[in-house]
Amino acid sequence: MELWDIYDENGRPTGRTHPRGAPMQPGEYHLACTVVLINKKGEVLCTRRAPEKELCPGMWESPGGGVQAGESSLSAAVRELGEETGLALEPGQLALLYRDKRPDFFMDVFGGHMDFPAESLRLQPGETDGAKWVPLDAWEEMARAGEILTPAKGEFFSILRGFAHTLRWPQDSPSPALRQKILALQATAWPEQAGDPWPEGDHMASFCWMEGEEPLAHAAVMGRGIKYKGEGYFACGIGEVVTRPDARGRGLALQVLRQAERFIRDSGADLCLFTCKPELAALYGKAGWEARPGLCLVGGSQEEPFPSSSLGLTAMAGLYSQKALAHQEDFAQGEVFLGLGAGRLW
């Protein structure tokens, strides 16, 4: 017998379980997941429900299913994708894009970038009996018309479009060629850094808005452990934000920043801290971070500190973990030493 965890109306686990298929009580919810895979052509993978399925036989959908008791929605997404298609993914290859609340369950929607022939999939008998790639525009039309099972609402279409154009390096594309293109893009904004080596140390991921094989906008996520006011935190930072000159004015930087913020939120980091020019604080605010005028970030080293206040920069912050939220007043003002090395500052 398959068991589901029971969640309250806010999506918090209650500690109770529920047999799959049994009626839910008012105010009880279970958790389900689905995976939207997108290829380099901007097409969405759809699988067809087997004709013997009790619900919606023969309908096209994205792979997914129920989250079992004791299982996270991410683990369930990896498991369901493997069972229904034969694809073996690592959890880091998927990103949580959206949570949809239904009358008695929550649906977590994950996105991933992959390229393979649809006919190469190993479909699960009794679950799926077909697979195809559908262009994103056509997929959206089908979803709006109810011709395909999807958790999408109005907001999700724009989220998915942003995700479709955004690649994480190296998680989605480990190609060294993309890394070189990112460095060339950065050189359009900082020509004095052309030829500098890739920043291996704290780099967690790069987010690139892609059109074809070319990155038009980029933002990097860094991370490291820090100590502040007696507490230890894992902090992420944002840097190397750039848009190719001929692509400016299209909101591409905001798109990659939103993907980066989602990645940090789901990464298990305690918080995100970085600096920006004061006139750019509103842009980063739209992506999900808050300006902290009383906070000073100190880069550099103990011997050669590099405070953000010396450059007139604004500190931005996002607090994610319970520990960071419990100490949020500590981040209203003060100096946070990042210890990034000589001349470096997020």
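Mentor: Contact here means heavy atoms within 4.5 Å. The model is predicted, so local features need pLDDT of at least 70 and side-chain atom pairs count only at pLDDT 80 or more, while totals for chains, interfaces and linings use all residues. Residues are numbered from 1 along each chain as its sequence is written, and side-chain values use heavy atoms, with hydrogens and water left out.

Trainee: Which element of the protein chain has the lowest mean pLDDT?

Mentor: pLDDT is the predictor's confidence in each residue, from 0 to 100. The protein chain has a mean of 92, and 100% of its residues reach 70 or more. Helices (H or I, at least four residues) and strands (E, at least two) are DSSP runs, numbered from the N terminus. Strand β18 (residues 314–319) has the highest mean, 98, and the lowest, 88, belongs to helix α3 (residues 154–165).

Trainee: Which residues of α3 meet α2?

Mentor: On the α2 side, the contact involves Leu-136, Asp-137, Trp-139, Glu-140, Ala-143 and Arg-144. Their counterparts in α3 are Phe-156, Phe-157, Leu-160, Arg-161 and Ala-164.

Trainee: How are α2 and α3 oriented to each other?

Mentor: Axes are lines fitted to C-alpha atoms, for helices over the stretch in contact, and angles run from 0 to 180 degrees between N-to-C directions. Helix α2 (residues 136–144) and α3 pack at about 160°, their axes 12 Å apart. Angles under 35 degrees count as roughly parallel, over 145 as roughly antiparallel, 65 to 115 as roughly perpendicular and the rest as oblique. The orientation of α2 and α3 is therefore roughly antiparallel.

Trainee: How are α3 and α5 oriented to each other?

Mentor: The axes of α3 and helix α5 (residues 252–266) come within 10 Å and cross at roughly 95°. In this contact, Ile-159, Gly-162 and Phe-163 of α3 meet Gln-255, Gln-259 and Arg-262 of α5. The angle between α3 and α5 therefore makes them roughly perpendicular.

Trainee: Which residue in β18 stands opposite Leu-271?

Mentor: Strand β14 (residues 271–276) and β18 pair in the antiparallel sense over six bridges. Opposite Leu-271 stands Leu-319.

Conventions:
Pairing = 2+ DSSP bridges.
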